[in-house]
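Visitor: Could you take me through one part of this model up close, and then show me what else is worth a look? I'm happy with plain talk.

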Amino acid sequence: MREGQKKLFAGMTLLAAVAAVASYAFLSSPKGQSITLASTTSTENSGLLGYLLPIFKDESGIAVRVVAVGTGQAMRMAMKGDADVILVHHRPSEEQFVREGYGVERIAVMHNDFVIVGPAADPAGIKGMTDVASALGRVRSSRAFFVSRGDDSGTHKRELSLWAALEFQLGDDDGDWYRQSGSGQGATLNVASEMDAYCLSDRASWVTFANKRSLQLLVEGDPLLLNPYSVILVDPRKYAHIKAAEGQQFIDWLVSEHGQQLIAAFQIEGQQLFFPDALEVAKE
Amino acid sequence: MNEFSNAFRTALQLLVEMDPGLFEIVLLSLRVSLSAVILAAVFALPLGAFVALTAFPGRRSVVILMNAMMSLPPVVVGLVIYLLLSRTGPLGVTGLLFTPTAMIIAQCVLVFPIIAALTRQTVFDLHEEYDEYLRSVGAGTWQKITTLLWDGRARLLTAILAGFGRAIAEVGAVIIVGGNILHSTRVMTTTIALETSKGDLGMALGLGIILVLIAVIVNTAVVTIGGGASRRTV
Amino acid sequence: MQSQHHMLPLVVIGASYVVDGKAIIEDVSFTIHEAGLTALLGPNGAGKSSLLKLCHGLLPLSAGSIRWGDADVQEVQRRQAMVFQRPVLLRRSAAENIEHVLKLRGASAGERARVIEESLDWAGLAGIADMPARKLSGGEQQSLTIARAWALNPEVLLLDEPTANLDPAATRRVEDLIRSFAGAGKKIIMATHNIAQAQRLADEVLFLNHGRLLEHAPAEQFMSGPSDPLAARFIAGELVD
């Protein structure tokens, strides 16, 4: 073979190899219908979505692809058009999201609650308290370690509003007891567990958290700790590519009697973690 | 120590049970990282050789840049590509965000400088050795490139394996551009991150052991396949 | 492949090679008319290597001219082959090393196979065709580079101190190959600092020192009594600087 011919052959083989790799690599489009759901790490970590979504897929043929980030980030993702539906838990943000035209409507789905966990030694002495404001007040005066999500998530925003109710402003000298992990619930609980610190967590994440060590559930039941979730369809008038029909189908399913019953039936270690809200709202 | 024995037991269990979830994750990891490395190598090898052999104005700066980009933080690469691929970003129409393709692109960007820079160094050294001879027998630039690349194949293979190591082990880029979506863009490293964040440290470590095992298998395979060549390589 | 244009005579006029202000080769002029083996003789650092490379086109002239007969300047290098002091071999088998240069010249697969076999046979290397070239002994390696040059069928062979690093047995082997080359009618120019080697092989001698050509004479005449005093001292075995 002449030198020139050989080069041509080598070049074509190379091209074929690249094409083969590229086509294998790039032909990754998911088969069938799918929507992108931006939700929170707490919802994901609880296992609820892993339980619900396969059932929805079986019944509707629509695959729900979950990107689990903090509430703040989930909303910003949706505002950039990178998600079709969001499932989050911070009412003021949700209302603003709809008000600014990004979401069609806020629809209540379920609620769980927040709890305060902390070291068994309980230096702030808050075990068993039902008034979360007082409990946090004691944590602050004892200057015991407290780990915050610090990540603009629904949980973080709730935590900040609880501190605000105490008229407590974080100051520069609070750094020695108030720590911000900037991470999801599980990672934050890890930090709290290692540091023997107090922490605000949603109940579902707490129950499923596998590295509790000496952490215990200390405070629960205050109405201020109620944690309602809403589902919102990203407005297709904002972004034409939003899969509005499938997204609406998912939302309708979630708030249907069937969907709501499934949510109520979800249990971890014998505990029901999420309480359906849609039917009660519908009844109103 | 308890975490470690727990981890080994978990790893063994996963392997023995041939857990299909694990299989899916491992397959995707390999698919993403191998694709990224091959794609990067196809362009990085000739580019590295070219920069080594051709004098052009500003070459020194290009070499410094190539070497510096070996230290690109994966999470920054992930962020930049996320912004590019986001629906509101310049490449949003491609709809590639949160797909394995986006992950391949991100890892390709990470791996490319490693292979290019190491290729450049290898070819440069070989060039010193062979320059007079190659000029004497009248080799053109392309012929020089192919000759030197083949002659340096042992070192270049190591560079490619280094690229693969970087790709299969990183989590910052793939988690941002992939979204760690179950059954879709979840790979070994993002699963380890997830399990760690759920506090399931035994599982996380177990998966980590499997990841290292896979790296060993891939490296062994490469060395064995290249075994014939390595006998003739000194 | 042989063109009508001849490579000889080699006419060098006022050749100079200057690097960083230092003259490695200074105002060298000579003409070589005949085939056979011309030795570039002189102590280390005399500039023999550089002159050889200037003639091969590996180094650029700073001044003067080098003309190979009436051959086309573009073609000159292609009609020569060079052997370096340290054998330059690729990391592949002996046969593949020869195949590499044949591919560069555009030889067909069949032609390549034939020439490789012939060249290795000629150099007495038939048995080690598939051995990794870098694992061969010093003598075998240098024989291989000469076989590779043979495969190119050049009209001129340039050698830069080919046996400087070899033991006597390997040296003898290599010198036999060089003689064989010369016997085939090729022009050979060989740089060496080894007087005995020049005596054994050379038909004519160019004596260099400090980049200058001090004497150009037929070998017999030079060896029995050079005109240049420095050359005479060199022949006598003195250290000449």
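This is a predicted model: local features need pLDDT of at least 70, side-chain atom pairs count only at pLDDT 80 or more; totals for chains, interfaces and linings use all residues.

Guide: Let's start with helix α11 of chain A, residues 257–265, where the buried residues are G259(A), Q260(A) and I263(A). Look down the axis of α11(A) and those buried residues fall within an arc of 95°, so they line one face of the helix.

Staying with helices, hop over to chain C. There α4 (residues 138–151) packs with α5 (residues 168–183) at an angle of about 10°, their axes 8 Å apart. With angles under 35 degrees counted that way, α4(C) and α5(C) are therefore roughly parallel to each other. On the α4(C) side, the contact is made by G138(C), G139(C), Q142(C), S143(C), I146(C) and W150(C). From α5(C) come A169(C), A170(C), R173(C), V174(C), L177(C) and F181(C). Sort the residues of this contact between α4(C) and α5(C) by type and you get seven nonpolar, four polar and one charged.

Chain C also has an open sheet of three strands, ordered β2-β1-β4, with antiparallel pairing. Its edge strands are β2 (22–32) and β4 (63–68) of chain C, each pairing on one side only. On average, neighbouring strands of this sheet are turned by 20° against each other, direction ignored. Strand β1(C), residues 10–19, is joined to β2(C) by seven bridges, and the two run antiparallel. If you want a residue pair to find your bearings, V11(C) stands opposite T31(C) in β2(C). Lying across β1, β2 and β4 of chain C is helix α1(C), residues 48–56, which runs at about 60° to β2(C).

One last stop, in chain B: M203(B) sits in helix α10(B), which covers residues 201–225. Is M203(B) buried or exposed? The cut-off for buried is 20 or more other C-beta atoms within 10 Å, and M203(B) has 22, so M203(B) is buried. Leave aside the neighbours within four places in sequence, and M203(B) is in contact with T10(B) and E195(B). As for V109(B), M203(B) is 94 residues from it in sequence and 30 Å from it in space, C-alpha to C-alpha.

Note on methods:
Residues are numbered from 1 along each chain as its sequence is written. Chains are lettered from A and ligands numbered from 1 in the order in which they are written. Two strands pair if DSSP finds at least two bridges between them. Helices (H or I, at least four residues) and strands (E, at least two) are DSSP runs, numbered from the N terminus. Axes are lines fitted to C-alpha atoms, for helices over the stretch in contact, and angles run from 0 to 180 degrees between N-to-C directions. Two residues are in contact if their C-beta atoms, placed from the backbone, lie within 7 Å. A residue is buried if 20 or more other C-beta atoms lie within 10 Å of its own, exposed if 12 or fewer, and partly exposed in between; C-beta atoms are placed from the backbone. Angles under 35 degrees count as roughly parallel, over 145 as roughly antiparallel, 65 to 115 as roughly perpendicular and the rest as oblique. Ala, Val, Leu, Ile, Met, Phe, Trp, Tyr, Cys and Pro count as nonpolar, Asp, Glu, Lys and Arg as charged, and the others, Gly among them, as polar. The arc is that of the directions from the helix axis to the C-beta atoms.
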